[in-house]
Number of protein chains: 2
Amino acid sequence: MQIAVVLYPGFTALDAIGPYETLGPLPGAETVFVAEQAGPVRNDRGNLALVAEKSFAEVTRPDIVIVPGAPPVAVEPHLGGGPLLDWLRTADVATTWTTSVCTGSLMLGAAGLLKGRRATSHWLSLDHLASFGVTPTGDRVVFDHKYVTAAGVSSGIDMGLTLAGMIAGDRHAQAVQLLIEYDPQPPYDAGSPDKAPADLVEHFRTQGLPSSSPAR
Amino acid sequence: MQIAVVLYPGFTALDAIGPYETLGPLPGAETVFVAEQAGPVRNDRGNLALVAEKSFAEVTRPDIVIVPGAPPVAVEPHLGGGPLLDWLRTADVATTWTTSVCTGSLMLGAAGLLKGRRATSHWLSLDHLASFGVTPTGDRVVFDHKYVTAAGVSSGIDMGLTLAGMIAGDRHAQAVQLLIEYDPQPPYDAGSPDKAPADLVEHFRTQGLPSSSPAR
């Protein structure tokens, strides 16, 4: 079983690493980080590079595809077409699961893979997702056929654990959860637009998703 | 403000990325990934490399140090001394916060920085931590003076958010939490040894922390 994690300039690191750490331990799985060209790929904040071991041309039939999200400025250049969408459409023909985290679902939508399906995305990108003929939902993890989409950034951990359980059984997924000690205790209850302070939600709804972080 | 994330061969990626995504947005902060030598550093599972932008020699006075953990096989070679512990001791002189995730606290302990202090680690490594004159605690995030230690792997997210709130205020940390949509909904309640199925906990207590994942 081959798991392909897609990298592209400006991706959000936790979007990729959450599913990687939870799906990577699947029995018999090998994971490959893949990009248009093999080599280091820089993230949204610009100070971290992950290495793509293979190019798109070298990874043609992955069983599971994971598409991390990124700020709009890094996602939008791909939405009109190009190597990334082409590769997604080709790879998707043979996948058992095609997955995304955060705005990664916009890539799947733009590739035409989610037409008529239910899917999710970062809470600030749900309207954009709808523009691809998708029924957007605010759920944290959404399954529709073989398409699994997760909400913003950190939700990829929940998506990965859920999918790991479906593929390899509850006990395997519980072992993964125990080993990564995923017993979340956030210091605030501000992780979704219906829980965060209303003025903060309004601020980002007006401003849109920042290009890197709230500090910039 | 400079944040240094320490990389070494065999580190666990989520240990580094959790605090990176939550502390990186601190106002005025620049983050640097640092290792004994600059260049790609491969993780515990061997199929992912993060790029260290700077060598230890180039990063001498970081304000915040983050030491990710790793399976014992990757941590133990450092515990007797060497460039990593030397750098930690030197850097620690000027830090405002010295932090770790998972077995990263064993590095801090071996460097002598936690003597007489309370700290935590991966649940399977708490006894080992005690051998460095530390009072181990099973809490998810432990503050003692400027030393902040987090439990296993995913707890670095909670640690990062908590510390971000202390440094830049609740509103900043809530904005970070909202933007990474950290509203955890794990599919199981198996993320700590007191919640996971008892036979699974016993299995790992007998076997010890696996070198990479439950599947190997």
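**View 1. Helix 1 of chain A meets helix 1 of chain B in this predicted model.** Let's start where the two chains come together: helix 1 of chain A and helix 1 of chain B are roughly antiparallel to each other, because angles over 145 degrees count as roughly antiparallel and their axes cross at roughly 150°. The two axes, each belonging to a helix of residues 13-23, come within 10 Å. The crossing of this pair is left-handed. On the chain A side, look for Ala13(A), Leu14(A), Ile17(A) and Glu21(A); they meet Ala13(B), Leu14(B), Ile17(B) and Glu21(B) of chain B.

**View 2. The open sheet of chain A has seven strands.** Follow them across in the order 5-2-1-6-7-11-10, and you will find that the pairing is mixed. Strand 5 (54-55) and strand 10 (141-144) of chain A stand at the edges; each has a single partner strand, so one side of each is left without a neighbour in the sheet. Elsewhere in the order, strand 1 (residues 2-6) and strand 6 (residues 64-67) of chain A pair in the parallel sense, with three bridges. A handy landmark here is Val5(A), which stands opposite Ile66(A) in strand 6 of chain A. Helix 6 (residues 155-168) of chain A packs on the sheet, where it touches strand 6, strand 7 (97-101), strand 10 and strand 11 (147-150) of chain A. The direction of helix 6 makes about 160° with that of strand 7 of chain A.

**View 3. Helix 6 of chain A crosses helix 7 of chain A.** The axes of helix 6 and helix 7 (residues 170-179) of chain A come within 6 Å and cross at roughly 145°. This crossing is right-handed. From helix 6 of chain A, the residues in the contact are Leu161(A), Ala164(A), Gly165(A) and Ala168(A). Their counterparts in helix 7 of chain A are Asp170(A), His172(A), Ala173(A), Val176(A) and Gln177(A). By class, the contact has five nonpolar, three polar and one charged residues.

View 4. Strand 5 of chain B pairs with strand 2 (residues 30-35) of chain B in the parallel sense over two bridges, and Lys54(B) in strand 5 is the bridge partner of Val34(B).

**View 5. Strand 10 and strand 11 of chain B form a hairpin.** These two strands run antiparallel and are joined by four bridges. To find your bearings, pick out Phe143(B), whose bridge partner in strand 11 of chain B is Val148(B). Two residues lie between the strands, and His145(B) in the turn has a positive phi of about 55°.

How values were computed: Residues numbered from 1 in each chain as written. Chains lettered and ligands numbered in written order. Predicted model: local features only at pLDDT ≥ 70, side-chain atom pairs only at ≥ 80, totals over all residues. Heavy atoms only, no water. Axes fitted to C-alpha atoms, helices over the stretch in contact; angles between N-to-C directions. Parallel < 35°, antiparallel > 145°, perpendicular 65-115°, else oblique. Left-handed = near helix turned anticlockwise from the far one by under 90°. Contact = heavy atoms within 4.5 Å. Pairing = 2+ DSSP bridges. Nonpolar A, V, L, I, M, F, W, Y, C, P; charged D, E, K, R; others polar.
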